[in-house]
Amino acid sequence: MMEIRIHGRGGQGAVTSSKLAGLAASIEGKYGQGLPFYGFERRGAPVEVYLRFDEKPILISSRIYEPDGIIVLDPILAELGNVVARGLKEGGFAVLNTLKDPEEFEYAGKLSKIATVDATGVALKTLRAPITNTAILGAFAKATGMLKLSSLEEAIKRILRERFHKPNIEALRMAYDETQIKEM
Amino acid sequence: MVKEKVEFITGNDAVAYAVKLARVKVIAAYPITPQSPVTEKLSEYVANGELDAEFIKVEGEHSCLAAMRGAGVCGVRTFTATCGPGLMYAHENLECVHRDRTPLVIAVPNRSYSSLFPDYTDSMCEATTGFIQLFVESAQEALDTTLQGFRIAEDHRVLMPLMVLYDGYVTSHTGATVRLPSQEDVDKFLPPFKPYVVRVDPSRSEYIQWERPGVPLQEMEHEMAMTNAKEVIKEANEEYAKIFGRSYGDGLVEPYRVEDADVVLVTMASMTGTARQVVDALREKGKNVGLLRLRSFRPFPAETFQELQKKYGFRAMGVCERDVTHGCNYG
């Protein structure tokens, strides 16, 4: 089982990113689980979503305390190692929305892979709004190979309203192309 | 070959989808967290024509159950979802439903009274109201059990109302991979509702009072119906497995790794998934532990526990509950 923690801020689409990833995994014949941590959510406040993938049905329903990897939708949160990297496994991976280099993150040392992309820039170009969820999924697909771009595109078409299909698929692909991967 | 569609949806959406597949005719609803997405989804299905049902917007859960009782005595398949304080507010009418012998189905994403998080205060408060209560572990099981629920409740050996209970947020709001059966297959499993007797003609407005036996005899009839329900729950679980390939223990209790177990943990609903992992981990360390998941809280399958104990010989059962009754050392 693969356990991933998604960090974002209210309004960036962290919950939707888990729905898209979970559906994409389901389309590929795997099992997915997206567990949003419900607190008092407000636009701009940090939110966490727990994402699991497995070949068999997932029955565990706890939060994820020691993730195999993290996905961070917000560039400022990405710099807060004590928040986003807490419990992160040795040799894990991070997919970050950032303009910085991978080495600049204090928690880089314990990871095997860091993928970086300017997801905010991609989102502003394609969606004209800083909603970074589809862009960061493009980076995640490239960095880990766990989900195919084609199944993520199918998930976008099935979950989002029609007028959002084209710009989000564009964001997904643009981020996929622009993502830099650094093996640590 | 069973036709199914794979989707990534929440437990609430899975229940709403099952209600659509069950061709429910009357839905009465009042919003409450974390139930609201169920009846919101159903109102969408009714509005866009996917479900041919009457959707009644009521001013509270007490009226909701009154509307459902009315629909029930007219002989149509009826559904609502509620939880927490909403379920408790419906208490007076919940108590009447089984006396009408109207097989309503209610989905309850369990919620505490004093917070939004899941505990079983709401459903335990209603454990004496004559409802069958089936606690489910996952979104998939919530869908499967909603379909089974109508069949169990409407069986003429039972004719008692039924609740499908799943954990608020943990199951109700978590996205999961769920297999959605086709309408064709569901129609094979769940025939249209055949009321035992239709007592009210809705085109005529009249005061009705039907012959009922005295209270002691009524209670005996209800007890027989609940005893019958144990067999009917087992049958529905088996028939469902034949068509859809999924079953949950014998329908009443689901054992997990109880072979040679010295001790077993008894769990309900979503906590079971985590407990399964703990059992696996302890088994790897050579500890003989197992798990029994209680699915049917009402009727309570005491004899099934006794049979399982005899068969597997475990020495002790520990009970893990999401509920507490103060002042009596147990939940």
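## A salt bridge between the chains

Glu7(B) reaches across to Arg158(A) in a salt bridge, with the closest N and O atoms 3.0 Å apart. The term stands for a side-chain nitrogen of Lys or Arg within 4 Å of a carboxyl oxygen of Asp or Glu. This is a predicted model, in which local features need pLDDT of at least 70 and side-chain atom pairs count only at pLDDT 80 or more, while totals for chains, interfaces and linings use all residues. Residues are numbered from 1 along each chain as its sequence is written, chains are lettered from A and ligands numbered from 1 in the order in which they are written, and side-chain values use heavy atoms, with hydrogens and water left out.

What else does Arg158(A) meet in a salt bridge? Its other partner here is Glu154(A), at 3.6 Å from N to O. Arg158(A) and Glu154(A) both sit in helix α6 (residues 149-159) of chain A, four residues apart, or about one turn of the helix. Helices (H or I, at least four residues) and strands (E, at least two) are DSSP runs, numbered from the N terminus. Over all chains, the count comes to 37 salt bridges, and one salt bridge is counted between chain A and chain B.

## The interface as a whole

How many residues of chain A are in contact with chain B? The number is 19, and they touch 19 residues of chain B, where contact means heavy atoms within 4.5 Å. Together the chains bury about 1,500 Å², 59% of it on carbon and sulfur atoms. Buried area is the accessible area (1.4 Å probe) that two parts lose on being put together, summed over both.

Seven residue pairs, both at pLDDT 80 or more, are in polar contact across this interface. Such a contact is a pair of N or O atoms within 3.5 Å; within protein, one must be able to donate a hydrogen and the other to accept it, and residues adjacent in sequence count only if both atoms are side-chain atoms. On the side of chain A that touches chain B, α1 (14-27) and β2 (31-36) of chain A each supply at least two residues. The most come from β2(A), which gives six.

## Strands that pair across chains

β2(A) also runs antiparallel to strand β8 (residues 175-181) of chain B, joined to that strand by two bridges. Strands pair if DSSP finds at least two bridges between them. For Gly34(A), the bridge partner in β8(B) is Gly175(B).

## Backbone details in chain B

Let's turn to the loops. The peptide bond from Thr33(B) to Pro34(B) is cis, with omega near 0°, and Pro34(B) lies in the loop between β2 (26-29) and α2 (36-47) of chain B. Another cis peptide bond joins Arg298(B) and Pro299(B), with omega about -5°. Pro299(B) is placed in the loop between β12 (296-298) and α11 (302-312) of chain B.

Arg23(B) is not a glycine, yet has a positive phi of about 55°. You will find Arg23(B) in the loop between α1 (11-21) and β2 of chain B.
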